[in-house]
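Good morning, and thank you for the time. I would like to take you through a structure that is new to this group, one site after another.

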Amino acid sequence: MNHRIAIAGASGRMGHMLIEAVRAADDCSLVGALDMVGSVSIGADAGAFAGLPMGVTITADVREGLQHSDVLIDFTRPEGTLSHLHVCRELGVAAVIGTTGFSDVQKTEIAELARHMAIVMAPNMSVGVNVTLKLLEMAAKALSTGYDIEIIEAHHRHKVDAPSGTALKMGEVIADAMGRNLKECAVYAREGVTGERDPSSIGFATIRGGDIVGDHTVLFAGIGERIEISHKSSSRVTYAQGSLRAARFLQGKKTGLFDMFDVLGLR
């Protein structure tokens, strides 16, 4: 089975990692590479960054980039991803979305599109992170009373959104397991005289610096003990490999909105 893949943001860090992963996979081939209008990479070969031409030219024309593909893998920005998805729907192309920072309105738009096309959307495509999310779900159910929950995340200096999509997903998984609503119990900032900690809250702390790929720790702090569940990424390779697993999962699926729990059978 050959999965024909197009990649959005082809000249970015994640785009390069995805292109490398597709080239290394026996059952995948790169058939399209997209980038923004004005990018210096437009017109270049998608593999030029690695000195290994792939015969696919980076284009800003979304239809041209998608015309031969089965699935688009997109780790860009919310507005760009949404515009790509509308073209995917027109052309019958499935999508794997690793983009973060969507608003609730944009998430609703994606859910509506998924009634007409197949989408895997996850704030983190790493297999390890998704196993960590399952562990957090189990921990949250067992530690639902008497433990204060704090989520600490660290990323490189170039990341533009905070907290990370993965940290927010961790909060959602924990809140759902406890029968809470993250919107009502999340605390994103503390400064000055904050008063005592609300025991029902889930706190977030964000660190930005250097070239940290992505570190996430959830602290369950009780009286006399604390439990820490951590995941640390040392390379974006894990996101790329997870994305290819998601692309394979979409084979034969016509409609639906899926996540990595579906891809990995963690439901």
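I begin with a charged side chain and a ring: lysine 253 lies over the face of phenylalanine 249, at 4.1 Å from the ring centre. Please keep in mind throughout that this is a predicted model.

Is phenylalanine 249 buried or exposed? Its relative accessible area is 19%, so phenylalanine 249 is classed as buried, the limit being under 20%. Phenylalanine 258 also counts as buried, at 19% relative accessibility.

How many aromatic pairs does the structure hold? There are 2. As for accessibility, tyrosine 188 is partly exposed at 45%, whereas phenylalanine 204 is buried, with a relative accessible area of 6%.

I turn now to the helices. Helix H3 covers residues 78–91 and helix H4 residues 104–113; their axes come within 11 Å and cross at roughly 15°. Angles under 35 degrees count as roughly parallel, and H3 and H4 are therefore described in that way. Their crossing is left-handed. Which residues meet there? On the H3 side they are Pro78, Glu79, Leu82, Leu85, His86 and Arg89, and on the H4 side Gln106, Glu109, Ile110 and Leu113.

The next helix pair is H5, residues 127–142, and H6. Here the axes come within 8 Å and cross at roughly 30°, and H5 passes H6 in a right-handed crossing. The residues of H5 that make the contact include Val129, Leu133, Leu136 and Ala140, and those of H6 include Met170, Val173, Ile174 and Ala177.

Proline 163 has its place in the loop between strand S7, residues 148–155, and helix H6, residues 165–177. The bond leading from alanine 162 to proline 163 is cis, with omega near -10°.

Two further residues remain. Serine 41 is located in the loop between strand S2, residues 28–34, and strand S3, residues 58–59. Serine 41 is buried, its relative accessible area being 17%. Leaving aside residues up to four places away in sequence, serine 41 touches Ser11 and Ile58.

Finally, methionine 1 lies in the segment before strand S1, residues 3–7. Is methionine 1 buried or exposed? With 63% relative accessibility, methionine 1 counts as exposed. Again setting aside residues up to four places away in sequence, methionine 1 touches Asp27 and Gln251. Methionine 1 and threonine 145 are 144 residues apart along the chain, and their C-alpha atoms are separated by 49 Å.

Thank you for your attention.

Note on methods:
Residues numbered from 1 in each chain as written. Predicted model: local features only at pLDDT ≥ 70, side-chain atom pairs only at ≥ 80, totals over all residues. Heavy atoms only, no water. Phe/Tyr/Trp six-rings, centres within 6.5 Å; stacked < 30°, edge-to-face > 60°. Buried < 20%, exposed > 50% of the residue type's maximum accessible area, 1.4 Å probe, protein only. Lys NZ or Arg CZ within 6 Å of the ring centre and 35° of its normal. Axes fitted to C-alpha atoms, helices over the stretch in contact; angles between N-to-C directions. Helix = DSSP H or I, 4+ residues; strand = E, 2+ residues; numbered from the N terminus. Parallel < 35°, antiparallel > 145°, perpendicular 65-115°, else oblique. Left-handed = near helix turned anticlockwise from the far one by under 90°. Contact = heavy atoms within 4.5 Å.
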